[in-house]
Amino acid sequence: MKYKIAPSILSADFARLKNEIEAVKEAGADLIHIDVMDGHFVPNLTIGPPVVASVRKVTDLPLDVHLMIEVPDRFLRAFADAGADILTVHVEACPHLHRTIEIIRSLGKSVGVALNPATPLHFLEPILEEIDLVLIMSVDPGFSGQYFIPNTLKRIEAARKMLDSVKRKIDLEVDGGISEKNIKSVADRGANIFVAGSAIFGQSDYRDIIKRFRAALDES
């Protein structure tokens with residue numbers, strides 16, 4: 001699978017959001033990761049469909065919308081209409097996960113399912129044939145700038161084996177604490193999409209850090 005870099009705008013300068021998005025695209029980003037938080041499922045509050053719609057107007061990169069919200073079914077159509085390409089929901093927030101997946105699919109969007117660091121991977125087993133992406137959280141969700149949880153490497157490796165057991169392509173995305181120092185280890189365990197917020201937007205040269213990410217991934 002091709003490696004993809006997904007800058008998270010949670011760490012971008014929202015006063016200059018259009019410029020920030022254009023800059024990471026020029027720097028070589030493959031996706032724009034949008035963290036949606038409701039202040040209930042996670043202890044932070046971020047953005048809603050209007051911001052996603054605004055981002056859609058200024059880029060043709062795929063929008064990877066990560067819904068860290070309770071009862072996501074209520075908002076799936078709104079985010080789909082706003083321009084999301086991928087809608088990722090949390091296992092922990094979806095008591096009727098099959099139904100949620102069906103709604104996303106009916107909206108014509110790619111289906112992502114996320115798991116928090118303490119959530120067992122076996123929750124993926126019933127829905128492996130129905131999804132396009134698994135997002136493994138390598139920090140407890142809610143805030144940018146956290147440190148990567150080391151045990152996540154074992155989870156990524158186990159998740160990759162699960163995904164490879166089905167006869168369809170499923171992306172494995174990792175979010176939280178991704179850096180130039182650990183991105184190769186994460187890739188070696190089977191991840192192919194890497195979300196990075198402060199590791200990119202906290203740098204003065206976006207092109208340089210994304211180039212360094214790709215150089216680390218190319219190491220033998």
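Trainee: What makes Asp 30 and Arg 214 a salt bridge?

Mentor: This is a predicted model. In it, the closest N and O atoms of Asp 30 and Arg 214 are 2.7 Å apart. The cut-off is within 4 Å, so the pair counts as a salt bridge.

Trainee: Why is this pair said to tie parts together?

Mentor: Asp 30 lies in the loop between α1 and β2, and Arg 214 lies in helix α8. Those parts are 184 residues apart in sequence, so the pair ties them together.

Trainee: Is Asp 30 called buried or exposed, and how do you know?

Mentor: Its relative accessibility is 15%. Buried means under 20%, so Asp 30 counts as buried.

Trainee: What about Arg 214, at 26%?

Mentor: Arg 214 is partly exposed. That term covers values between the 20% and 50% cut-offs.

Trainee: Which residue, besides Arg 214, forms a salt bridge with Asp 30?

Mentor: Lys 2 does, with the closest N and O atoms 3.5 Å apart. That is within 4 Å, so this pair also qualifies. Lys 2 sits in the segment before β1 (4-7), so the pair ties together parts that are 28 residues apart in sequence.

Trainee: Why is Lys 2 called exposed?

Mentor: Its relative accessible area is 56%.

Trainee: What separates Arg 212 and Asp 208 in helix α8?

Mentor: About one helical turn, because they are 4 residues apart in that helix. They form a salt bridge too, with the closest N and O atoms 2.2 Å apart. Both are partly exposed: Arg 212 at 27%, Asp 208 at 32%.

Trainee: Which residues do shared partners join into one network?

Mentor: Lys 2, Asp 30 and Arg 214. The count of salt bridges comes to 13.

Trainee: How do you know that Asp 64 has no salt bridge?

Mentor: Look at the nearest side chain of opposite charge. It belongs to Lys 4, 9.6 Å away. A salt bridge needs 4 Å or less, so Asp 64 has none, though it is buried.

Trainee: What polar contact does the side chain of Asp 64 make?

Mentor: One with the side chain of His 33, at 2.7 Å. The cut-off is 3.5 Å, so this pair falls within it. Asp 64 lies in strand β3 (residues 63-68).

Trainee: Which residues have the most contacts inside the largest nonpolar core?

Mentor: Ile 34 and Val 65, in a core of 68 residues. Helix α8 (residues 206-217) gives the largest share, 6 residues. Ile 34 also contacts Asp 64 and Val 65, among others.

Key: Residues are numbered from 1 along each chain as its sequence is written. This is a predicted model: local features need pLDDT of at least 70, side-chain atom pairs count only at pLDDT 80 or more; totals for chains, interfaces and linings use all residues. Side-chain values use heavy atoms; hydrogens and water are left out. Helices (H or I, at least four residues) and strands (E, at least two) are DSSP runs, numbered from the N terminus. Buried means under 20% relative accessible area, exposed over 50%, partly exposed in between (1.4 Å probe, protein chains only). Lys and Arg count as positive and Asp and Glu as negative; His and the chain ends are not counted. A polar contact is a pair of N or O atoms within 3.5 Å; within protein, one must be able to donate a hydrogen and the other to accept it, and residues adjacent in sequence count only if both atoms are side-chain atoms. A nonpolar core is a set of buried Ala, Val, Leu, Ile, Met, Phe, Trp, Tyr and Cys residues joined through side-chain atoms within 4.5 Å. Contact means heavy atoms within 4.5 Å. Lists of a residue's contacts leave out its neighbours within four places in sequence.
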